[in-house]
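Thanks, everyone. Please bring up the sequence and the structure, and we'll walk through them together.

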Amino acid sequence: MLTLADRLPATAVHHRLALPQVAVATLFGVCPETITRDIRDIRQPLIKMEHTIDPTDGRLTTLEHL
């Protein structure tokens with residue numbers, strides 16, 4: 001299970017870099033189901049606060065770009 005301090009960057013990485021949830025789960029050392037739930041839980045307050053995380057212009061093509 002991720003802490004709130006981990007959930008926020010995981011959600012930001014997912015939205016900003018358009019990384020699949022499976023990749024984000026691997027980065028944070030949790031199962032994909034956990035990341036899916038945590039991103040959903042963080043997304044709700046962001047929507048209520050009318051805050052969006054805009055995607056970057058480019059895409060990651062290699063691990064070095066991350």
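Let's begin with one residue. Find Thr 11. Thr 11 sits in helix H1, which covers residues 4-17. Bear in mind that this is a predicted model.

Is Thr 11 buried or exposed? Thr 11 has a relative accessibility of 1%. The cut-off for buried is under 20%, so Thr 11 counts as buried.

What does Thr 11 touch, once we set aside its neighbours within four places in sequence? Its contacts are Asp 38, Ile 39, Ile 42, Leu 46 and Ile 53.

Keep Ile 39 in mind. Ile 39 is a contact of Thr 11, and Ile 39 also belongs to the largest nonpolar core. That core has eight residues. With Ile 39 come Leu 2, Ala 10, Leu 19, Val 24, Ala 25, Val 30 and Ile 35. Which elements give two or more residues to this core? They are helix H2, residues 21-28, and helix H3, residues 32-48.

Now step back to the whole chain. The protein chain has three helices and zero strands. Read from the N terminus, the order is α-α-α.

How much of the chain is buried? The chain has 66 residues, and 23% of them are buried.

Next, the contacts across the chain. Take those between residues at least 6 apart in sequence. Of these, 60% join residues at least 24 apart.

Last, the surface. The accessible surface of the protein chain is about 4700 Å². Carbon and sulfur atoms account for 59% of that surface.

That's the tour. Over to you.

Note on methods. Residues are numbered from 1 along each chain as its sequence is written. This is a predicted model: local features need pLDDT of at least 70, side-chain atom pairs count only at pLDDT 80 or more; totals for chains, interfaces and linings use all residues. Side-chain values use heavy atoms; hydrogens and water are left out. Helices (H or I, at least four residues) and strands (E, at least two) are DSSP runs, numbered from the N terminus. Buried means under 20% relative accessible area, exposed over 50%, partly exposed in between (1.4 Å probe, protein chains only). Contact means heavy atoms within 4.5 Å. Accessible areas come from the Shrake-Rupley method with a 1.4 Å probe; for residues, only the protein chains shown count as cover. A nonpolar core is a set of buried Ala, Val, Leu, Ile, Met, Phe, Trp, Tyr and Cys residues joined through side-chain atoms within 4.5 Å.
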